[in-house]
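Have a go at each task before you read its solution.

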Amino acid sequence: MQFHHHGYVSGEPHVLPAAGPAWSPELPEVMDVLVVGSGPAGMVAAAQLAQFPGVSTRLVERRGGRLEIGQADGIQARSVETFQAFGFAERITAEAYRITEMAFWKPDPADPTRIVRAARAADDPTGISEFPHLIVNQARVLDYFREFMTNGPTRMRPDYGWEFRGLRVEDAGEYPVVVTLARTVGENAGEERVVRAKYVVGADGARSTVRESIGCTLAGDQANHAWGVMDVLAVTDFPDIRTKCSIQSEYGNILLIPREGGYLFRMYVDLGSVPDDDHGAVRQTSIEQIIAKANEILHPYTLDVRNVAWHSVYEVGHRLTDRFDDIPVDVLGSRTPRVFIAGDACHTHSAKAGQGMNVSIQDGFNLGWKLGHVLQGRSPESLLATYSAERHVVAKNLIDFDKEWSTLMATRPEDLKDPSELEDFYVRTAEFPAGFLTEYAPSLIVAEPAHQGLATGFPIGKRFKSPIVERVCDTNPVHLGHHATADGRWRIYVFADAAPAGDGTLVPEFADWLTTSAASPLAATPRDGDIDAWFDVKVVYQQDHTGVDLGRVPEAFLPRTGPFDLIDYEKVYAAAPGDDVFGARGIDRDGAIVVVRPDQYVANVLPLAGYEELGAFFAPILAVRDSAPAAAV
């Protein structure tokens, strides 16, 4: 990471300089954004908003303190990529359980009452991400996001002990959303408080009161199948107890998930079909009954449970709202959304694909930067309509996927069309649960793929898959995407030819346009800020570092920063020897521009001569475009 550009830092460099409005223990009467619920979606949205000085955000949670025992603990690789942007991927990976393989157990053909290992499948056989698939307590994930939030410029932290009671949206006023809250802890428990906000984010779970307040309902179906889930410490002779397993037997199925710490593991235990007239009775299944069922399925192996950390019973349900904001579908575009919902408030499904927390994290990331840009005056309010449009499609795809996966998980081996149907589906669809099949459609912030052929390895609308490049200034090989922190900035990556030393190419012309033209997106950058305050512009040359002369690199890629006007050398890169980014990502040797959103999704691909197209793409996204940018030096 980079620091010292504002002066020598002797302490923790992850703690950014404070910039108001600062958080205070007393809940204010008015705020820009009120986030309801400190689950993954709410915590990520708030953590992102905490990076925007001048934006007042409060996060209320009905619990009296932090979550201690998480229920959604599977962390897909896309989420770990997001953790990298928020600064804690390495630390959480170190404490997590890492999934590298899944074993499939089935009835022994010679004796179907016994189970045997039938197959194994690598978790990421194609290397879709440099990050792993993890298992770790959801509470720890929230801890890290809270730390990032507290270390941000506004020093924000959750307001525990406040329950959302209701809201109304008024037609006028600076703070049109009127919210009623109530204390849940302390001597003033039950006391109500009215606050006002410009926007409200409801991340208050499957029984969301915010969702109800804007007239949304979850629609879908029940699969009429129940599962007992338990996190336990146990002694067993089952040989794959520390490997992720799908276990199918004549007596039902188990999904086994080892947990962090080397001893704890989770089991989803098949409790069978639920009669229509059950009326929730299956949810009273005791932990002793769940353990007994697990032993029956595991035969001839045994499970001696010594400690139960947590357990529950749930019925698989697939439900989705028709929208993710307070604008009814039949009047879309009639006004700006003021209330948004995210995470389980929008979509519910089975827990066995590890999607609940992961999709919720992306909901929060998608919405957080958009609210920040609008509230800081970077973008028009029309940006906010893209949240529901983008994330509703993702949730619908998730529901469709989970219906098939959870059905297969509950199917007895003898009823499958093919003995290997489950493991074949697991391998064939691996990219979806890992979070990498999300592809946003063309919109205000996603361009049509007119020039996709210039960089085929960076599909427009999909997440930016980080390549390894060589930083020219110090010759270090680095992941280009790892430099993109959750700071709310757009990324503009220029892939080019350095020979001969930057002359005779389009790069100097493009660099000059970026820093001098009123049509450049950098023209929107505030005059009192660094030239890269809103846009992070980097160049990647196809030569290795020995073929790049920093003295001849355009000043647009060596900007001055901070009060001392220091040169930022970490914006100039070269192809790493033996790992040519141009070949690996299908980048045209004549060069290309790749534009990446603040939430890591590719927004546009353009030729180096596409100045006007780049300016036209950003024109409706930027609220201020009335002057040339400040000089880069």
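**Exercise 1.** How many Å apart do the C-alpha centres of domain 2 and domain 3 lie?

*Solution.* Before you start, note that this is a predicted model, where local features need pLDDT of at least 70, side-chain atom pairs count only at pLDDT 80 or more, and totals for chains, interfaces and linings use all residues. Residues are numbered from 1 along each chain as its sequence is written, and side-chain values use heavy atoms, with hydrogens and water left out.

Step 1: find the bounds, which come from an automatic or database domain assignment. That assignment gives domain 1 (30-72 + 80-89 + 135-218 + 318-429), domain 2 (96-134 + 219-316) and domain 3 (452-619).

Step 2: take the C-alpha centres of domain 2 and domain 3, and you get 47 Å. Five residues from domain 2 and five residues from domain 3 make up the contact (heavy atoms within 4.5 Å).

**Exercise 2.** Work out which residues of domain 2 lose the most area to domain 3.

*Solution.* Step 1: get the buried area, meaning the accessible area (1.4 Å probe) that two parts lose on being put together, summed over both. Between domain 2 and domain 3 that comes to about 350 Å², and carbon and sulfur atoms give 41% of it.

Step 1: look at the domain 2 side. Ile-128, Glu-130 and Phe-131 lose the most, together 85% of what that side buries.

**Exercise 3.** Describe the lining of the largest cavity.

*Solution.* Step 1: define the search. On a 1 Å grid over the protein atoms alone, a cavity is a set of points where a 1.4 Å probe fits but cannot get out, and lining residues have an atom within 4 Å of a point. Grid points are joined across faces, edges and corners, and a volume is the space filled by probe spheres set on the points.

Step 1: count and size. There are four cavities of 30 Å³ or more, and the largest has a volume of about 180 Å³. Its lining has 19 residues, and Phe-464, Ser-466, Gly-481, Ala-484 and Gln-600 are the closest to its centre.

Step 2: sort the lining of the largest cavity. You get seven nonpolar, six polar and six charged residues, with Ala, Val, Leu, Ile, Met, Phe, Trp, Tyr, Cys and Pro counted as nonpolar, Asp, Glu, Lys and Arg as charged, and the others, Gly among them, as polar.

Step 3: trace the sources. Domain 1 and domain 3 each give at least three residues to this lining.

How values were computed
1 Å grid on protein atoms, 1.4 Å probe; cavity = no way out; pocket = protein on both sides within 12 Å on 5 of 7 lines; lining within 4 Å.
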